Amino acid sequence: MTKRNTKSRKSTVKVAAAKTPVTKSSVVAAASPPLIVLGFDDQQKPRGARFVDGKPDLVTKAADLMGFKVYQASLPDVAEVAKKLPLGRLYANGRGFVPNIRQSLYTDVVAALAFEPQTALSKNSDKNSLPAARGLPRSWDDIATGHLVIAQESLEQGWHDSIVLGRKGDTFILQYRDYPHLPKFARQCTSVALMCSADNEQSWNEIASGHLVIAQESAKDGWWEAIVIDRKADSLTLRFRDYQTLPKIVRHRSAIALMSPASAQ
């Protein structure tokens, strides 16, 4: 259900890998792990590639020119998902070729990298670091650079706190607040939720039983779609929509986010 569970599976893989006998071939492979390059292009389409036997400095330089991020696939679980990526190419002019990939594959790679900050070769610089937080927007029209929103990664990975880096119409350029080593990404307004700020009484007062909202599971486990069962003052009783066997939860308004009205159309 969550990235924390994904992390638990990773630990099992790492233990198994530690028990594997070291051979000459495994030492050679470990000396030059594949490199992963990820990012979004100017049309906000996900791109990704793996570079085998590539020179980290050259690949990182090429990725920087494209505004992409570079990671080492040195851990077993990361190396496994890297195999699904197409091969990239480096050119003599210093640039590289990173093809478009499916959003689902991009998500799988991001999920594998989420708890592995040590795999990142690209570091945030002054030009692409997170902007100063501007607080919580009151509506989707108000969303601007620096605002904190809740963005969906996927149905399986849930929603997570994100900082707005830019905006083009109804498309938002975002970066996960708690995973700064991951690449920036783009989402439409239907995949962006707004937290219920204390000064936005109108939206909060409209919430009633049966409504679909985004509820925070925990700081580590992110946010998930939930159905409102009951309401008492500033607290809601809810049930996770896609995990109905889990017990009901109670959340304060500060742990509730509202989906865009366009997402219900």
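A search of the whole structure finds 9 salt bridges. The model is predicted. Among the salt bridges are Glu80 with Lys83, Glu153 with Arg187, and Asp161 with Arg177. The chain itself has 265 residues, of which 45% are buried.

**Salt bridges**

- Glu153 pairs with Arg187, with 3.5 Å between the closest N and O atoms. This pair links distant parts of the chain, 34 residues apart. Glu153 sits in strand 6 (residues 148-154) and Arg187 in strand 9 (residues 185-188).
- Both partners in that bridge fall under the 20% cut-off for burial. Glu153 is buried because its relative accessibility is 7%. Arg187 is buried because its relative accessible area is 8%.
- Asp161 and Arg177 meet through their side chains at 3.6 Å, N to O. This pair also links distant parts of the chain, 16 residues apart. Asp161 belongs to strand 7 (residues 158-168), while Arg177 lies in the loop between strand 8 (171-176) and strand 9.
- Asp161 is buried at 8% relative accessibility, whereas Arg177 is partly exposed at 36%.
- Asp178 joins these residues: Asp161, Arg177 and Asp178 are linked in a network of salt bridges.
- Glu80 bridges to Lys83, and their closest N and O atoms are 3.5 Å apart. Glu80 is partly exposed, with a relative accessible area of 47%. Lys83 counts as exposed at 56% relative accessibility.

**Asp41 and its surroundings**

- Asp41 lies in the loop between strand 1 (35-40) and strand 2 (46-51). Its relative accessibility is 11%, so Asp41 counts as buried.
- The Asp41 side chain reaches the backbone nitrogen of Lys45 at 2.8 Å.
- The side chains of Asp41 and Arg47 are joined by a polar contact of 3.1 Å.
- Leaving out residues up to four places away in sequence, Asp41 touches Arg47, Phe68 and Asn100.

**Helix 5**

- Helix 5 spans residues 103-113. Of its 11 residues, 8 are buried, so helix 5 is largely enclosed by the rest of the structure.
- The buried residues are Leu105, Tyr106, Thr107, Val109, Val110, Ala111, Ala112 and Leu113.

**Gly135 in the following loop**

- Gly135 is found in the loop between helix 5 and strand 6. Gly135 is partly exposed, with a relative accessible area of 31%.
- Gly135 and Gly146 are 11 residues apart in sequence. Their C-alpha atoms are 7.6 Å apart in space.
- Not counting residues up to four places away in sequence, Gly135 touches Gly146, His147 and Leu148.

**The chain as a whole**

- The secondary structure comprises 6 helices and 15 strands.
- Among contacts with a separation of 6 or more, 60% are between residues 24 or more positions apart.
- The chain exposes about 13600 Å². Carbon and sulfur atoms supply 53% of that area.

Notes
Residues numbered from 1 in each chain as written. Predicted model: local features only at pLDDT ≥ 70, side-chain atom pairs only at ≥ 80, totals over all residues. Heavy atoms only, no water. Helix = DSSP H or I, 4+ residues; strand = E, 2+ residues; numbered from the N terminus. Buried < 20%, exposed > 50% of the residue type's maximum accessible area, 1.4 Å probe, protein only. Contact = heavy atoms within 4.5 Å. Areas by Shrake-Rupley, 256 points an atom, 1.4 Å probe, with all protein chains shown as cover. Salt bridge = Lys/Arg side-chain N within 4 Å of Asp/Glu carboxyl O. Polar contact = N/O pair within 3.5 Å; in protein donor to acceptor, adjacent residues only side chain to side chain.
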